[in-house]
Amino acid sequence: MESILVECVNNNLGHFMYRNAIFMCERLCAEFPSETNLQLLAGCYLQNNQAYAAYHILKGTQMAQSRYLFAMSCFQMDLLTEAEAALYPANEPSAEVPNGAAGHYLLGLIYRYTDRRRSAIHHFKQALSIDPLLWVAYEELCILGAAEETTAFFGEAAALCIQKQYANNASTFQNLQVSCEDRNLASTRNVGSEDVSPRHSKHMQGNNLRDIPGNYQGTSLLAGAACQPSNGGPANVSFYNTPSPMAAQLSAVAPPPLCRNVQPNGPHLVTVSADSSPKSTVNSNIQAPRRKFVDEGKLRKVSGRLFSDSGPRRSIRLATEAASNTNTTVVAGNGVSNSSKYLGASKLSSIALRSVTVRKGQSFANENFDEGIRNDSFDDARANLTSTTSISSPSGDPKSIDPEVVTMPFGGVSINPSRILSGASEVLVLLRILGDGYRLSSTYRCQDALDVYMKLPPKHYNTSWVLSQVGKAYFEMVDYLEADRAFGLARQFSPYSLEGLDIYSTVLYHLKEDMKLSYLAQELISTDRLAPQSWCAMGNCYSLQKDHETALKSFQRAVQLNSRFAYAHTLCGHEYVALEDFENGIKSYQSALRIDTRHYNSWYGLGMVYLRQEKFEFSEHHFRMAFLINPRSSVIMSYLGTALHALKRNDEALEMMERAILADKKNPLPMYQKANVLVSLESFDEALEVLEELKDYAPRESGLYALMGKIYKRRNMHEMAMLNFGLALDMKPSATDVATIKAAIEKLHVPDEIEDSL
């Protein structure tokens, strides 16, 4: 009964039928109340976005996997203190963090959001050392500004680490295979295929093998029907805390040999036997499809890690429910299965799906993962475990295994360790390129990052994530046209992806592309109205139309959907400042900085607020902080120079303006501010030279002509002053600037000394 309920729950989860999974899992926990089954129930609730239910179910549990699931539910509920206590108990300082790399990654996130940067960095690095393919941990290091060279995480040591993981799995598999095979040979001598009734056969297929992790670093053990004693005694490893009635029903049936491969989705089985040993004469209809051994604690993202490593695994479907016309060819003599045609062909029919593609003539190179989807086991259509080590060795010793020549069963095929090392190296080469690009982007070396991304093969470059990173790099370089092009390509390749589209909406805002921005906002809302990126796009659309109150509501909705989305807080701050609500603007910027201290946009926003409030010391401090994070931004350097000029530190201001001009010669702001500083120093000729040069970049900037008018007035060149004031008015400046220019025209013939006294 227990196995049937577990199978039902996992099948329902595999078909995303969460309500039925929860209902059946409650029946399971009522009938067999164990902590392992509670983990399965909590996992059901977590997948159904009911973290609060998982929280109450697992509160007070002690098993390592229970603590991890409890911490995950606390993290989703923003109960970070409880989440930390679950993963890292204060009264047990020597306790291991559960689930290895995933546990360290979650703990790193908790430390990051509680402003303990050093501890967060330590745990992200620890996660990468355990699982070099945990890319999200490297992303977090980049966000914290602590990422080292990619060779430190994705180098040769990482490749050896990956090979070692699979070697451990293969060793575990072979040891269990040999021990189970001994029982199989003895059992088949006493029980023939004619002794097996259809009822017994059905029970055999309903009580399939299940994985039991030996530890939370990913090594898995096998327990179940195939390794039970033939006399009906207890199994070597008990999977549940309560006994299952299925074991007694199997006591009179020979456990199926592990070397036989059965395709669970196909009723037709073609067997090619290379010898006449007793193991090859067992009736194929009692063959339970075999589970694969894979590094369960690794190679997955935290959001996809919702199910227990120590809890029930998804076993294969009952053979009576399988309804496929697929034929499977099995070679029993050498254990080689011709089932490679099924690789990469299964559909997303299970929540426990992992797609593995091993190309012909090419080493294992990549794995595809879906964040938010449990990646605990392979699809059962490819659940054929094989072994290239013959059970009947020439020496006559069935347990003799040469560790140098052993091959590792993986995804239905046997892969030589050297090929695994080669495949891991290929994956890591790709990650090194992506990592270098992301690290350079995070430190705002955008041109260098673009050069690195260009090294990618076209099939990887033309993906949503890479093109979004390219668009962000151009955005930081204030090259909005190229950013628009990159984001547009990303939308073409993956119209369903929301990666970076909050930045894309800001790009369109700066380009004043109101039609494109409106279309993007409507598309995103229709695609996913619960994504913060969608509401950021909507807010930018209203902000471009000067409807700041509606824009603010949209950005607040984005914050409500994801309170850890720093950019949404910053955009709220911008709208508050536009509405001249400086107090709430400051609060919004500070909220963004609590989430991400390196979010320079918020430091810049605070600097602008204090500059407008004429709190120049505060303004200079915040602009300086933004400059330390992003030392290549011409805009930040310009406003830092402005703050220094307001503090009468003109030499520093001029130096900063020069650096800003060199950083981006197309940006007119630093040249204009430099002219202002020179005017205050009464260097009129130099100021006029700068302004004349500025005309080439911003010929329709009214402030430029107004400043030239003031300079000519100071030099008593009234006709030239009047000409430039008139040109400034012709450029249709804002109402405030119009009033200022008209006031300057009225005082055109008033001496400067008298004007200053007024």
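Is S505 buried or exposed, and what is its relative accessible area? In this predicted model, S505 belongs to helix 19, which spans residues 501-510, and with a relative accessible area of 0% the residue is buried, since buried means under 20% relative accessible area. Leaving aside residues up to four places away in sequence, S505 touches L517, L520, C536, A537 and N540.

Two packed helices are described by the angle between their axes and the distance between the axes. For helix 20 (residues 514-527) and helix 21 (residues 532-544), the axes come within 8 Å and cross at roughly 150 degrees. That angle makes helix 20 roughly antiparallel to helix 21, because angles over 145 degrees count as roughly antiparallel. The crossing of these two helices is left-handed. On the side of helix 20 the contact is made by D514, L517, S518, A521, Q522, L524 and I525, which meet Q533, S534, W535, A537, M538, N540, C541 and L544 of helix 21. Sorted by class, the contact of helix 20 with helix 21 comprises nine nonpolar, five polar and one charged residues. L517, A537 and N540 take part in this contact, and L517, A537 and N540 are also among the residues that S505 touches.

Because Y105 lies in helix 7 (residues 100-113) and F124 in helix 8 (residues 117-130), the pair ties together parts that are 19 residues apart in sequence. Both Y105 and F124 are buried.

A further pair joins Y604 and F623, whose ring centres are 6.0 Å apart and whose planes stand at 55 degrees, so this pair is tilted. Here Y604 is found in helix 25 (residues 600-612) and F623 in helix 26 (residues 616-629), so the pair ties together parts that are 19 residues apart in sequence.

Definitions and conventions:
Residues numbered from 1 in each chain as written. Predicted model: local features only at pLDDT ≥ 70, side-chain atom pairs only at ≥ 80, totals over all residues. Heavy atoms only, no water. Axes fitted to C-alpha atoms, helices over the stretch in contact; angles between N-to-C directions. Helix = DSSP H or I, 4+ residues; strand = E, 2+ residues; numbered from the N terminus. Parallel < 35°, antiparallel > 145°, perpendicular 65-115°, else oblique. Left-handed = near helix turned anticlockwise from the far one by under 90°. Contact = heavy atoms within 4.5 Å. Nonpolar A, V, L, I, M, F, W, Y, C, P; charged D, E, K, R; others polar. Buried < 20%, exposed > 50% of the residue type's maximum accessible area, 1.4 Å probe, protein only. Phe/Tyr/Trp six-rings, centres within 6.5 Å; stacked < 30°, edge-to-face > 60°.
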